[in-house]
Amino acid sequence: MLPELSKLISLQELDLEIKGLVQCQHELPQTMRELEAQLAEMQARAAEKLQELEETKKQHRQLQQEMDMLDEGITRSRQRLMEIKDNIEYKAMLKEIAFKEDRKDQKETEILEISEQEDALTAELASLQEEINVRQANLEKLQAEVAAELAEQEAKINELQSQRQQIQKNIPAPLLKRYDFIREKRQGIAVAEVRQGVCQACHMNLPPQKFIELQMDQELMTCPHCQRIIYFVPLEENGGANPAEAA
Ligand SMILES: [Zn+2]
């Protein structure tokens, strides 16, 4: 095989590996950000519930105060009842006491309702908080893992980059420029293998004459369909491991 061609193939392998790692580096924090957003949403919901609970407690206290006042009023009225001698006035006072007792009953029902509401909110808030704690712990663990993984990938990328520099040094500048240009235009793949006359990047057939020329390995050639630099690996160099050719 032409020496610069095999260097381009090595370069391509490195570039694909680097591309995969860089993509991974973008995806990892993305997953984490989604989890962070979910947690923030739950925390906002918990804050809302807490406010609702405090509002309910305030209403509860107010109802209790009203109830205490009614109680005092009833006690006072009953004391006065014993001092009344006039029959009409006595009946009026009894009516007033009955009215206050009625209102006290209503208040009691309201207090019962608000207590139930308060209990439900407290339970809801507790389970929400429990879930938040679990998620928070998971997220912190994940953050540490992601940071370690990113550092590892960063080191790997740096290593691959320096390998790339080494190979690059031995490739003529115009060819390297051409390689980079095609790579940019063709989804990161500038060099493609041709198997049984088919370009493995664009899956189109090469004209038979062109395929014969390629196998002669005399000069750099490009795929007439996708313009990538093409190469051919004879069966013996392939180690017979090519399933397409074995079939
Ligand atoms: Zn092609």
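The disulfide count here comes to zero, where a disulfide is a pair of cysteine sulfur atoms within 2.5 Å. The model is a predicted one: local features need pLDDT of at least 70, side-chain atom pairs count only at pLDDT 80 or more, and totals for chains, interfaces and linings use all residues. Residues are numbered from 1 along each chain as its sequence is written, and side-chain values use heavy atoms, with hydrogens and water left out.

Start with the cysteines at the metal. C199, C202, C223 and C226 each coordinate the zinc ion through SG, at 2.3 to 2.4 Å. Donors are N, O and S atoms within 2.8 Å of the metal (3.2 Å for Na, K and Ca); water is not among the atoms, so sites may look incomplete. The angles among the four donor atoms run from 101 to 116 degrees, and the site is tetrahedral. That label applies to four donors if all angles lie between 85 and 135 degrees.

Along the chain, the zinc donors are spaced as C-x2-C-x20-C-x2-C. C199 and C223 link distant parts of the chain, 24 residues apart. C199 sits in strand β2 (residues 198-199), whereas C223 sits in the loop between β3 (221-222) and β4 (229-231). Helices (H or I, at least four residues) and strands (E, at least two) are DSSP runs, numbered from the N terminus.

C202 is partly exposed, at 24%. Buried means under 20% relative accessible area, exposed over 50%, and partly exposed in between (1.4 Å probe, protein chains only).

The loop between β3 and β4 also holds Q227. Phi of Q227 is near 65 degrees, a positive value in a residue other than glycine. Q227 counts as partly exposed because its relative accessibility is 40%. Q187 also has a positive phi, about 50 degrees, although it is not a glycine. Q187 is found in the loop between α3 and β1 (191-195). Q187 is exposed, with a relative accessible area of 58%.

Strand β1 brings us to A192. A192 is buried, with a relative accessible area of 4%. Leaving out residues up to four places away in sequence, A192 touches C199, A201, R228, I229, I230 and Y231. Contact means heavy atoms within 4.5 Å.

Now step back to the whole chain. The domain assignment gives domain 1 (3-169) and domain 2 (173-246). Such bounds come from an automatic or database domain assignment. The C-alpha centres of domain 1 and domain 2 lie 58 Å apart. Their contact takes eleven residues from domain 1 and 15 residues from domain 2.

What lies between the two domains? The largest nonpolar core has 21 residues. A nonpolar core is a set of buried Ala, Val, Leu, Ile, Met, Phe, Trp, Tyr and Cys residues joined through side-chain atoms within 4.5 Å. L5, L8, L11, I171, Y179, V191 and Y231 have the most contacts inside this core. Two or more residues come from each of α1 (3-83), α2 (87-169), α3 (173-185) and β4. The largest share, seven residues, comes from α1. Domain 1 and domain 2 both give residues to this core, so it lies between them. I171 is in contact with K7, L8, L11 and L176, leaving aside its neighbours within four places in sequence.

A second, separate core has twelve residues, including M32, I132, L139 and V146. In soluble globular proteins, nonpolar side chains tend to be buried together.

P29 is found in helix α1 and counts as buried, at 16% relative accessibility. P29 and Q143 are 114 residues apart in sequence, yet 8.6 Å apart in space, C-alpha to C-alpha. E154 lies in helix α2 and is partly exposed, with a relative accessible area of 38%. E154 and V22 are 132 residues apart in sequence and 8.6 Å apart in space, again C-alpha to C-alpha.

Conventions. Tetrahedral: all angles 85-135°; square planar, octahedral: opposite > 155°, others 65-115°.
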